[in-house]
Amino acid sequence: MEKLGLAVFISGSGSNLQALIDACKSPEYPAQIKLVISNRPDAYGLERAQNEAIKAICIDHKKYKTRAEFENALSEELSKHKIDLICLAGFMRILTADFINKWPNKIINTHPALLPKFGGEGMYGEHVHRAVLKAKEKESGASIHFVIPEVDKGQLIAQGTVPVLENDTIESLSARVIAQEHILYPQAVKKIALERLSK
Ligand code: GRF
């Protein structure tokens, strides 16, 4: 069966990577992870990939003088592995327009809120959940979207909502949202894979 070749970019724990790894284990799932790239050598996600015998490398941004050199190193690996879709999963570097334009419609991201609300530069990790609680939202959730140079503004692919409860803390809300991301991300990748493989 023909499958869409994925690269997953991480910076940390990689629980969304794990959700994608688990989905790809099903023989009918239309995508396979060919490569995992972390910009941090200590990212636990690298171990998750190695445990599953998936090629995983660190391209440490600190070792490059410029953003362009770092991103050239990323592009080189992507070309080498014939990647069809790049999944950002807790990747904590903002990519430049040059890089994004080199991979048009081939980069997607998961964001832990219901975009277009609570997105943009500085809206990551606990900052997002703090802002959602402060705004007294009744709902939050996860958004999977295409990546364009404007941060968190690309076309939505899928969204899943979760309730915000009265006594929620940043921790309790973030746990509920990330569980939603783990369901949604593999579904969104599947949707894209089926569309692209049928063309
Ligand atoms: C996710 O909530 C993602 O939306 C955000 O960072 C978190 C990554 O978690 N950008 P993990 O590394 O996949 O566990």
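Two strands pair if DSSP finds at least two bridges between them. With that in hand, here are some close-ups of this predicted model.

**Figure 1. Strands S4 and S5 run side by side.** Strand S4 covers residues 85–88 and strand S5 covers residues 107–111. The two run parallel and are joined by 3 bridges. For a pair to look at up close, take Leu-88, whose bridge partner in S5 is Asn-109.

**Figure 2. Strand S2 and its partner S1.** Here S1 and S2 run parallel, with 7 bridges joining them. Within this pairing, Val-8 has Val-36 in S2 as its bridge partner. Of the 8 residues of S2, 6 are buried, so this strand is largely enclosed by the rest of the structure.

**Figure 3. Helix H1 against helix H6.** Two packed helices are described by the angle between their axes and the distance between the axes. For H1 (residues 15–24) and H6 (residues 170–197), the angle is about 45 degrees and the axes are 9 Å apart. On the H1 side, the contact is made by Ser-15, Asn-16, Ala-19, Leu-20 and Ala-23. Facing them from H6 are Ile-178, Glu-181, His-182, Tyr-185, Pro-186 and Val-189. Sorted by class, this contact of H1 with H6 has 7 nonpolar, 3 polar and 1 charged residues.

**Figure 4. Helix H1 against helix H2.** H1 has another helix to pack with: the axes of H1 and H2 come within 9 Å and cross at roughly 15 degrees. That crossing angle makes H1 roughly parallel to H2. H1 passes H2 in a right-handed crossing. Ser-15, Leu-17, Gln-18 and Ile-21 in H1 meet Gly-45, Arg-48 and Ala-49 in H2. The contact of H1 with H2 divides into 3 nonpolar, 3 polar and 1 charged residues.

**Figure 5. Helix H5 against helix H6.** Back at H6, we now look at how helix H5 (residues 126–134) packs with it, at an angle of about 110 degrees and with axes 9 Å apart. This makes H5 roughly perpendicular to H6. From H5, the residues in contact are Glu-126, His-129, Arg-130, Val-132 and Leu-133. They meet Ile-170, Leu-173, Ser-174 and Val-177 in H6. By class, the residues of the contact of H5 with H6 are 5 nonpolar, 2 polar and 2 charged.

**Figure 6. Glu-77, a buried residue in helix H3.** Glu-77 has its place in H3 (residues 67–80). With a relative accessible area of 13%, Glu-77 is buried, because buried means under 20%. Not counting residues up to four places away in sequence, Glu-77 touches Leu-35, Ile-37, Ile-57 and Ile-59.

**Figure 7. Two glycines in the loop between S5 and H5.** Let us start with Gly-120, which lies in this loop. Gly-120 is buried, with a relative accessible area of 16%. Leaving aside neighbours within four places in sequence, Gly-120 is in contact with Val-151 and Asp-152. From Gly-120 to Ser-143 is 23 residues in sequence and 13 Å in space, C-alpha to C-alpha. Gly-125 is also found in the loop between S5 and H5. At 39% relative accessibility, Gly-125 counts as partly exposed. Gly-125 and Lys-34 are 91 residues apart in sequence, and their C-alpha atoms are 27 Å apart in space.

Conventions:
Residues numbered from 1 in each chain as written. Predicted model: local features only at pLDDT ≥ 70, side-chain atom pairs only at ≥ 80, totals over all residues. Heavy atoms only, no water. Axes fitted to C-alpha atoms, helices over the stretch in contact; angles between N-to-C directions. Helix = DSSP H or I, 4+ residues; strand = E, 2+ residues; numbered from the N terminus. Contact = heavy atoms within 4.5 Å. Nonpolar A, V, L, I, M, F, W, Y, C, P; charged D, E, K, R; others polar. Parallel < 35°, antiparallel > 145°, perpendicular 65-115°, else oblique. Buried < 20%, exposed > 50% of the residue type's maximum accessible area, 1.4 Å probe, protein only. Left-handed = near helix turned anticlockwise from the far one by under 90°.
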